[in-house]
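Thanks for coming. I have one structure to go through today, so please look at the screen.

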Amino acid sequence: MMATTKLHILKWQSQLHTISTAPSCQVFGSLKRRSIRPDAVSYTTLITALTAMGRFQEARRVFDSMQRDKAVSVDLAAFGAMAAALSK
């Protein structure tokens with residue numbers, strides 16, 4: 001069961017990373033609606049995509065959501081992505 005969940009997360013992360021534009025928000029929403037818990041990479045990828053689109057406030061909301069998610073540890077990559085968003 002754990003391996004299947006990890007494969008699902010990797011599938012969604014690759015989609016988030018590949019599109020890195022407006023549809024990434026929809027993919028992230030689909031992930032949560034399907035009860036697949038996003039991990040740090042998923043959150044960080046979405047923050048990076050939102051920053052690339054100039055949607056800094058949304059990137060901040062995603063980062064705040066990441067901090068509230070007890071199953072996810074905010075890592076250096078997430079802080080770096082948020083620093084990039086704040087520096088724009």
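I'll begin with a single residue. Phe 63 has a relative accessible area of 6%, so this side chain counts as buried, the cut-off being under 20%. Keep in mind that this is a predicted model.

Where does Phe 63 sit? Phe 63 belongs to helix α4, which covers residues 56-68.

Now the ring itself. Searching the whole structure turns up 1 aromatic pair. The partners are Phe 63 and Phe 79, with ring centres 5.5 Å apart and planes at 65°, so the geometry is edge-to-face. The angle cut-off for that class is over 60 degrees. Phe 79 is in helix α5, residues 76-86, and the pair therefore ties together parts 16 residues apart in sequence.

Next, the protein as a whole. The secondary structure consists of 5 helices and 0 strands, and the order from the N terminus is α-α-α-α-α. The chain has 88 residues, and 39% of them count as buried. The exposed surface comes to about 5400 Å², with 60% of that supplied by carbon and sulfur atoms.

Last, the contacts. Taking those between residues at least 6 apart in sequence, 53% join residues at least 24 apart. The Phe 63 and Phe 79 pair, for reference, links parts 16 residues apart.

That is what I have for today.

Methods:
Residues numbered from 1 in each chain as written. Predicted model: local features only at pLDDT ≥ 70, side-chain atom pairs only at ≥ 80, totals over all residues. Heavy atoms only, no water. Helix = DSSP H or I, 4+ residues; strand = E, 2+ residues; numbered from the N terminus. Buried < 20%, exposed > 50% of the residue type's maximum accessible area, 1.4 Å probe, protein only. Contact = heavy atoms within 4.5 Å. Areas by Shrake-Rupley, 256 points an atom, 1.4 Å probe, with all protein chains shown as cover. Phe/Tyr/Trp six-rings, centres within 6.5 Å; stacked < 30°, edge-to-face > 60°.
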